[in-house]
Amino acid sequence: MYFSWYCVLNKPNPLGNIRVVLSHTTHPGNIGAAARAMKTMGLQHLYLVNPRYFPDPQASAMAAGADDVLLNAVVCSSIDEALQGVVFTVAMTARLRDISIAVKTPREAMPEVLQQAATQPVALLFGTEMSGLTNEEMGKAQLGVNIPSNPDFSSLNIAASVQVIAYELSVAAQSYKPEAQEINPATHERMEGLYAHLEKTLFEIGFFTTQNPARLMQRLRRLFSRTRLEDEEINILRGMLTVTTEYNARLRERYKQEHKDV
């Protein structure tokens, strides 16, 4: 009996590694209602990216007892700041996009979220009330989630969306069984460093002369999101980019020397 009780107490709780990120929320009541939705399902880490009003009495009123979630909310100035340390980001989307990450339903996606959160931080990313996430914000994620709804009236309130996702996490947690992690994925900031380095290098070697840079970078983000790079792999790729830049610089200098008297 003691052994069984001990195992229950020490069962991994991946919910503690999951943060809910609300981007540019305009109505403080939605923040409070989202906090209440989180607490009812065991989520506690709320991150707010440039909220229009926070803290605010309306947020506290709508939290209805989830004041601790609001009190501990982390206010950030950018998506990158809110995703710092995260290894897996899931973006909520209500519409299909021509270039996008893979999109699943909440029931399909939440078991994967729990597995990723077993050992490292995971983020659930929600956009503004009026327009949702931008394409740039969607590009920060490795997976998209679309809540099935009435096609003639598919707009969900932010707090309602948080409640649906939190509930699906709770359902998935009931049958959750930890699995050994095959990879140790790189953090958000490491991936963003790679993307910045890659874009800079492609500009320097003239790769973008006949391409749409923004569109191509979206495709490259999607490619690397599928591969789930580890730190050592990022080091290899960035080393290759550095050597490419140095080689390109040597070629330019040689060309200058060969043609300086022409």
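Q: Where is R228 found?
A: R228 is found in the loop between α10 (213-227) and α11, where helices are DSSP runs of H or I with at least four residues and strands are runs of E with at least two, numbered from the N terminus. The model is a predicted one, in which local features need pLDDT of at least 70 and side-chain atom pairs count only at pLDDT 80 or more, while totals for chains, interfaces and linings use all residues. Residues are numbered from 1 along each chain as its sequence is written, and side-chain values use heavy atoms, with hydrogens and water left out.

Q: Why is R228 called buried?
A: Buried means under 20% relative accessible area, exposed over 50%, and partly exposed in between, with a 1.4 Å probe and protein chains only. R228 has a relative accessible area of 13%, so R228 is buried. R228 also has a positive phi of about 55 degrees although it is not a glycine.

Q: Why does N50 count as partly exposed?
A: The relative accessibility of N50 is 36%, and therefore N50 counts as partly exposed. N50 lies in the loop between β2 and α3, and has a positive phi of about 45 degrees although it is not a glycine.

Q: Which peptide bond is cis, and what is its omega?
A: The bond that joins F54 and P55 is cis, with an omega of about -5 degrees. P55 has its place in the loop between β2 (45-49) and α3 (57-63).

Q: What is the order of the strands in the open sheet?
A: The sheet is formed by 7 strands in the order β3-β2-β1-β6-β4-β7-β5, and the pairing is parallel. Two strands pair if DSSP finds at least two bridges between them; 2 bridges join β5 to strand β7 (residues 143-145), and V103 has G144 as its bridge partner in β7.

Q: Why do β3 and β5 stand at the edges?
A: β3 (74-76) and β5 (103-104) each have a single partner strand, so one side of each is left without a neighbour in the sheet.

Q: What makes the contact between α6 and α8, and how do their axes cross?
A: Axes are lines fitted to C-alpha atoms, for helices over the stretch in contact, and angles run from 0 to 180 degrees between N-to-C directions. The axes of α6 and α8 come within 9 Å and cross at roughly 65 degrees. Contact means heavy atoms within 4.5 Å, and the residues that make it include M110 and L114 of α6 and I165 and L169 of α8. The residues of this contact divide into 11 nonpolar, no polar and 2 charged, where Ala, Val, Leu, Ile, Met, Phe, Trp, Tyr, Cys and Pro count as nonpolar, Asp, Glu, Lys and Arg as charged, and the others, Gly among them, as polar.

Q: How do you know that the span of α11 agrees with its number of residues?
A: The expected span is 1.5 Å times one less than the number of residues. For the 29 residues of α11 (residues 231-259) that should be 42 Å, and the end C-alpha atoms are 42 Å apart, which agrees. In α11, I234, L241 and N248 are buried, and what covers the buried residues of α11 includes α9 (188-204).

Q: Why does H188 count as buried, and which residues does it touch?
A: H188, found in helix α9, has 6% relative accessibility and therefore counts as buried. H188 touches D80, L83, V86 and K140, not counting residues up to four places away in sequence.
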